[in-house]
Amino acid sequence: MPDTKKFIENLSGAGKSIGVLTSGGDAQGMNAAVRAVVRMGIYVGAKVYFIHEGYQGMVDGGDNIKEASWESVSSMLQVGGTVIGSARCKDFRTHEGRLHSALNLVQRGITNLCVIGGDGSLTGANLFREEWSELLDELVESGQISEEDSQIHSTLHIVGMVGSIDNDFCGTDMTIGTDSALHRIIEVVDAIMTTAQSHQRTFVLEVMGRHCGYLALVSALACGADWVLIPEMPPKDGWEEQMCQKLSESRSRGSRLNIIIVAEGATDRHGNAISSNAVKDLVVRCLGFDTRVTILGHVQRGGTPSAFDRILASRMGVEAVLALLEASPGTPACVVSLCGNQAVRVPLMECVQMTQEVQKAMDEKRFKEAVKLRGRSFENNLHTYKLLSHHKTDAELPHSSFNVAVLNVGAPAAGMNAAVRSAIRVGITEGHTMFAVSDGFEGFYKGQIKEIKWGDVGGWTGQGGSLLGTKRTLPAKHVDKIAEQMRIHNINALLVIGGFEAYMGLMELQAARSKHEELCVPMVMVPATVSNNIPGSDLSIGADTALNAITDTCDRIKQSASGTKRRVFIIETMGGYCGYLATVGALAAGADAAYIYEEPFDIRDLQSNVEHLTEKMKTGIQRGLVIRNENCSENYTTDFIYQLYSEEGKGVFDCRKNVLGHMQQGGAPSPFDRNFGTKIAAKAMQWISKKLTEFYREGRVFANKEDSACLLGMRRRALVFQPVTQLYDETDFVHRIPKEQWWLRLRPLMKILAKYKTSYDVSDAGQLEHIVRLRAKDNSAI
C-alpha cells in the first residue's frame, strides 16, 4: 500500500471528547447528521456528548449535556426535525453566557464541537472558538478551573454542518433539509394541481425564503410554474402587466390552471414587499380569474427526511468527525460540505462572509451580482427557468428549418417526462420543429413519429413513467427502416432519453453511419434509469425517485418490527447487476448489510452477518434490515439468504422477506429528478442547436465525427458531453455496468454506521478548499 493513502484505522479518537449540537431553525436530516457524528466518534474511540437544546443547553449545562451511546441514536435516521432539540439562544450572545458554556465543556473534557445549524449558529461557534483562551483564563482567575485544566483544554476545535431548508449558505452545494423541504412543496403543488384543474383556478403559493429564493425557484422549475417571484431577482417595472398577459396566454392555449410561486421575501425593484395576497388581488383585478392563496409555512420544515438528505447528512457527519480528528491548533474552523458528490471542507468564515456579500448585493440593488454570488447551481436554475418560461408567439420565434426527434428508450424512469418537456420547449424556443417518437426504437422503425407543440407537454413534469412510451428494442436489426423514417421526416438530430439500451442503441446507430448517411446527424443521449448503471455519468434520471421509494418502504418495514421485536427483514432491490440502489438505499435506511454483485461475498460473510445481528439483538435495538441487489449472486438468492438467516437465527430472531419490484420504477418523480431531468435535457438541446449549425453544409446537415454522437453525463459536479465511442472501454457490457463506480466509496461508511470494523480509505478527505477556488471550478455545475 503506498504511503500516500490514509486509512481510518490509523486515526484514533482515544482520549478525545466531541460535543454535538443542533442550533437555529430545525431541518430534516439533522438527526441523520447527529447519528453519524455519534457513531463515527464512538467507532474511532472518542467519547461523544449530546448537547440538548442547542447553545441554551451548553450555557445551562447539567443534564443538557449527556454522553451518547451507540444505541441512543438508533431509529433517529427517519425522524424529521432534531431529536436533541434546538433553541434560539440569547444567553450565548452574551460574554457571561459563553463563559458558562466554556466551564460546562471543560468540566466534561469536551474540546471538539460539531455544530449543525445555519450561518448565525456557525458564526457564534467561531466567535466562541476565538475567545476560548480568554474565557479559560477568566475561569482560572475566578478559581472555577485549575491551571492544569486550562492547559489540557487549551484549544477548541469546531466543525460546522449547515442545516437550513433555505439552501442559503455559500460554499455548499446543498444544505441539510433543502431537498426534504422541496419534497413537501412539490407534494402540495401536485395535490393543488388536480383541484386547480377541476375548477380552472389560479393558485398563488407562498414558500419559505426570507432572504433566499432557492426553494421558490427550484419548485417553480420542478412544477413548471407560470411565474416565480424571488428576492435575488426582483421583476422589472411593469411586471404586473407582463405576468397577467402570460397567464391569459397560457389559458388561451388550453391550460386549465395557473401556478404562481412567491418566496416570502419577494420584493419589487424598489424594495417594496410583494405578498401572495397582493399577487392574488392583482390577478383577480386584471383578469377576473378564480384565484386562491396557499401559504405553506412550517409544513416545509416538517416530515421525514428524503433519501438525499439522509445520505448528505450521514456523509457530512462522518466527514465532520474526520475533520475534528485531524485538526491542529492552527486549523481554522471549517464547514464540511458536498461539492458534486465529493465531500469537501471549506473555512467557515469565508462561507459566512460570502453569504453576507449576497445580502449586501441585494440591499444595494446589485441583483445580477447577487445571483452570481449564490453560485453556479442557483444561476443555472434561474437560466433554465427563464429559458422554459418565456413563450413567444409563433411569429416572434426564430425559425431554423431543422427537425429534431426526441424518444425514450429502455425501462420507464421517473423524470423522463420532465426531460422530454424541457427538450421540446427549449427546441421550440431555438426555432426547431420538434418530433416525438412513441415506443422507442420500435416506434421509430414503425413510423410512430409526429410533430409535438409547446402546449402538448404542459403539466408533464410531475408525471411518472414515460408518456411517450418506451421499449427496450435495440435499433441494429431495424436500422434500414429507421434510416428510411429519418429520410421521410427529414430528421436532422436525435435526442435519446433512456437507460443502458439507449446507450447501446446510440453506439449501434453510430456504427451504422457508414451504410446510411441519414444517420450522419448530431445525436445525444441523456441517462434515465433507476439502476444508475450508465458509463460516463455518476447519476441518472429516476435513481433518486427509486431511492426514495426504497427508503419509504424500509421505514415502514422497520416500524412494523417495532411491535414484534427480534425480527430481521431481507429486502430485494432492483438495479440489474448494479448495486447503487442497494448500497445507497442501505445507507439511507440504516440497514445492517447490503449484498451486491460488485463486492463478491461468500458463506463466511453471510455467517458473520448473522452473528453480528445475533449480537445486536442482545442490545436495545431488536430489529435488523438486510438489503440484497436482485443479481448480486446467482446462487445466494433472496430465498437462500432468507432461509439461511431463518435457520441460523432460530431462537434469537425470526425473518421476513420482501421483494420491492416495480414500485421502484413508478410514482411521481422526486424534486431532484424533475430538476435534474429539466436541466440536463435543456443543456442537451442547446448542444444539438450548436452542432446543427456547425455541421450544416450546402443545404444539409452532415455529421459523422465521433464527437457528434455523445452521452451527456454528470461527472463529479459538471455536466460533460462524451463521445460514446470513448466510453466503450469504460463499460462492462456483460453485466451492463461501468467498470468504475464512484458510490463504491460509500460502502465502508454504511458498514461503519452499522458497527462493522472495516477499512476506509480517507485519502480524499482533509483538503481544505478555499471558497474562491470552489467558484473557479464551478463553471459547468448543474
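Helix 4 provides the largest share of the lining of the largest pocket, 6 residues, in what is a predicted model. That pocket has a volume of about 1000 Å³, and among the 38 residues that line it, Arg-88, Gly-118, Asp-119, Gly-120 and Ser-121 are the closest to its centre. Helix 4, which spans 119-141, is joined by helix 11 (348-363) in supplying at least two residues each to the lining of the largest pocket.

Is Thr-529 buried or exposed? Thr-529 has a relative accessibility of 12%, and because buried means under 20%, Thr-529 counts as buried. Its side chain reaches the backbone nitrogen of Ser-531 at 3.1 Å. When neighbours within four places in sequence are left aside, Thr-529 is in contact with Ala-413, Gly-499, Ile-534, Ser-540, Ile-541, Gly-542 and Ala-543.

Another buried residue, with a relative accessible area of 6%, is Arg-345, which lies in strand 11 (residues 342-347). What do the polar contacts of the Arg-345 side chain involve? One of them, of 2.9 Å, joins the side chain of Arg-345 to that of Glu-319, while another, at 3.1 Å, is made with the side chain of Glu-326. Ser-389, by contrast, is 44 residues from Arg-345 along the chain, and the C-alpha atoms of these two residues are separated by 37 Å.

The aromatic residues give a further view of the model. The count comes to 16 aromatic pairs, and one of them is formed by Tyr-55 and Phe-92, whose rings are stacked at 4.1 Å centre to centre with 10° between the planes. Tyr-55 lies in helix 2 (residues 54-60), whereas Phe-92 lies in the loop between strand 3 (65-67) and helix 3 (95-107), so the pair ties together parts that are 37 residues apart in sequence. Tyr-55 is buried, with a relative accessible area of 5%, and Phe-92 likewise counts as buried, at 5% relative accessibility. The rings of Tyr-728 and Phe-733 form a pair that is tilted, because their planes stand at 40°, with the centres 5.0 Å apart. Phe-733 counts as partly exposed, at 25% relative accessibility. Tyr-55 and Phe-92 also belong to one aromatic cluster, together with Phe-128 and Trp-132.

Charged side chains meet aromatic rings as well. Arg-251 lies over the face of Phe-289, at 4.3 Å from the ring centre, and Lys-757 lies over the face of Tyr-43, at 4.3 Å from the centre of that ring.

How values were computed:
Residues numbered from 1 in each chain as written. Predicted model: local features only at pLDDT ≥ 70, side-chain atom pairs only at ≥ 80, totals over all residues. Heavy atoms only, no water. Buried < 20%, exposed > 50% of the residue type's maximum accessible area, 1.4 Å probe, protein only. Polar contact = N/O pair within 3.5 Å; in protein donor to acceptor, adjacent residues only side chain to side chain. Contact = heavy atoms within 4.5 Å. Phe/Tyr/Trp six-rings, centres within 6.5 Å; stacked < 30°, edge-to-face > 60°. Helix = DSSP H or I, 4+ residues; strand = E, 2+ residues; numbered from the N terminus. Lys NZ or Arg CZ within 6 Å of the ring centre and 35° of its normal. 1 Å grid on protein atoms, 1.4 Å probe; cavity = no way out; pocket = protein on both sides within 12 Å on 5 of 7 lines; lining within 4 Å. Points joined across faces, edges and corners; volume = space filled by probe spheres on them.
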